[in-house]
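Work through the exercises below with the sequence and the model side by side. Try each task before reading its solution.

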Amino acid sequence: MPAKQSDVQSRLQPIHGLLSKVILNAWDEYRQRCDLPLGPGHARARANSFWAFIVDEARSLFAEVPEMHIETGNQTARFTYHNSVQFRFKKIDPDGYTRNYPTQAALSWLDPENDLFPNTVRRVEVGYILDPTETGIEDIRIVHQHLDQVSWQYSILDEAGEIIPLGTSGGDTASEDFEEELPKVAIRAKSALVKEPIKKTDKN
């Protein structure tokens, strides 16, 4: 059963601005520090390099966010917020789909019945869309995909300048059913993933 947009949106509302800033700041850093050309002809190399900038920026901006955890490994990074929403940063197309090769890990992420994650944890993508020339960020969206179909998505790009004081969880606006599920959550990571505290990083 797909996650409800209202539940996820209320949970992530306090950090919508930070999620957008992660991608926008990482793009600025990428353009300033990476010598790879922009444009469609360098998509794979750019995606790999840009992803590294995103993870570095996320570590920095999320350093003071309560109840934010990161799991890294297998060339991926998963962020869990308040043990209720888990997300990854991904490039998406205008319809909200990523271009992931259908590995077992990718399929497990999309399958709510798999045994890697408790069903009470909502899994979404924080997706960015490049402009047609692939030289800038056109939109940033929260996307939920159930199996092979996008269930819903919404933009957070306009919230990049809105930062709700940290320590606010968004739980006050979550549905009653969603609140009741939270105490039962216990994140279980694959052995290949390493859960680590998020620490401030020095980008010098």
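Residues are numbered from 1 along each chain as its sequence is written, and side-chain values use heavy atoms, with hydrogens and water left out.

**Exercise 1. Confidence**

Task: find where confidence is lowest and where it is highest in the chain.

Solution. Start with the average. pLDDT is the predictor's confidence in each residue, from 0 to 100. The chain averages 75, and 63% of the residues score at least 70. Now go element by element. Helix α1 (residues 5-12) has the highest confidence, at 95. Helix α5 (residues 176-181) has the lowest, at a mean of 36. Then look at the stretch of residues 166-195. Here pLDDT stays under 50. The model has 63 contacts beyond four places in sequence for this stretch, a contact being heavy atoms within 4.5 Å. Where pLDDT is low, the predicted coordinates should not be read in detail.

**Exercise 2. Layout of the chain**

Task: count the helices and strands, and give their order along the sequence.

Solution. Helices (H or I, at least four residues) and strands (E, at least two) are DSSP runs, numbered from the N terminus. The count is five helices and seven strands. The order is α-α-α-β-β-β-α-β-β-β-α-β. Next, check sequence separation. Among contacts with a separation of 6 or more, 65% come from residues 24 or more positions apart. Lys 21 and Glu 159 are 138 residues apart in sequence and 9.0 Å apart in space, C-alpha to C-alpha. Lys 21 lies in helix α2 (residues 16-33).

**Exercise 3. Strands β1 to β3**

Task: trace how β1 pairs with β2 and how β2 pairs with β3.

Solution. Two strands pair if DSSP finds at least two bridges between them. First, β1 (residues 68-73) and β2 (residues 76-81). They run antiparallel over six bridges. Thr 72 stands opposite Ala 77. The hairpin has two residues between the strands, and Asn 74 in the turn has a positive phi of about 55°. Second, β2 and β3 (residues 85-91). Three bridges join this antiparallel pair. Tyr 81 has Val 85 as its bridge partner. Three residues lie between the strands of this hairpin, where His 82 takes a positive phi near 50°.

**Exercise 4. Cover on β2**

Task: are the faces of β2 buried or exposed?

Solution. Take one side: Thr 76, Arg 78 and Thr 80 are buried. Take the other: Ala 77, Phe 79 and Tyr 81 are buried too. Both faces are covered. For the chain, buried residues make up 48% of the 204 residues.

**Exercise 5. Strands β4 to β6**

Task: describe the partners of β5.

Solution. Six bridges join β4 (residues 122-130) to β5, and the two run antiparallel. Val 126 stands opposite Ile 142. Six residues separate the strands in this hairpin, and Glu 134 takes a positive phi near 55°. On to β6 (residues 149-155), which pairs with β5 in the antiparallel sense over six bridges. His 144 stands opposite Trp 152. β5 (residues 137-146) is mostly covered, with nine of its ten residues buried.

**Exercise 6. Side chains**

Task: what does the side chain of Glu 71 contact, and how do Phe 79 and Phe 87 pair?

Solution. Glu 71 is in β1. Glu 71 counts as buried because its relative accessibility is 1%. Its side chain makes a polar contact with the side chain of Gln 86 (3.2 Å). A polar contact is a pair of N or O atoms within 3.5 Å; within protein, one must be able to donate a hydrogen and the other to accept it, and residues adjacent in sequence count only if both atoms are side-chain atoms.

Now the rings. Rings of Phe, Tyr and Trp (its six-membered ring) pair if their centres lie within 6.5 Å; planes under 30 degrees apart count as stacked, over 60 as edge-to-face and the rest as tilted. The structure holds eleven aromatic pairs. Phe 79 and Phe 87 are stacked, at 5.5 Å centre to centre and 10° between the planes. Phe 79 is buried at 1%, and Phe 87 is buried at 0%.

Terms used:
Predicted model: local features only at pLDDT ≥ 70, side-chain atom pairs only at ≥ 80, totals over all residues. Buried < 20%, exposed > 50% of the residue type's maximum accessible area, 1.4 Å probe, protein only.
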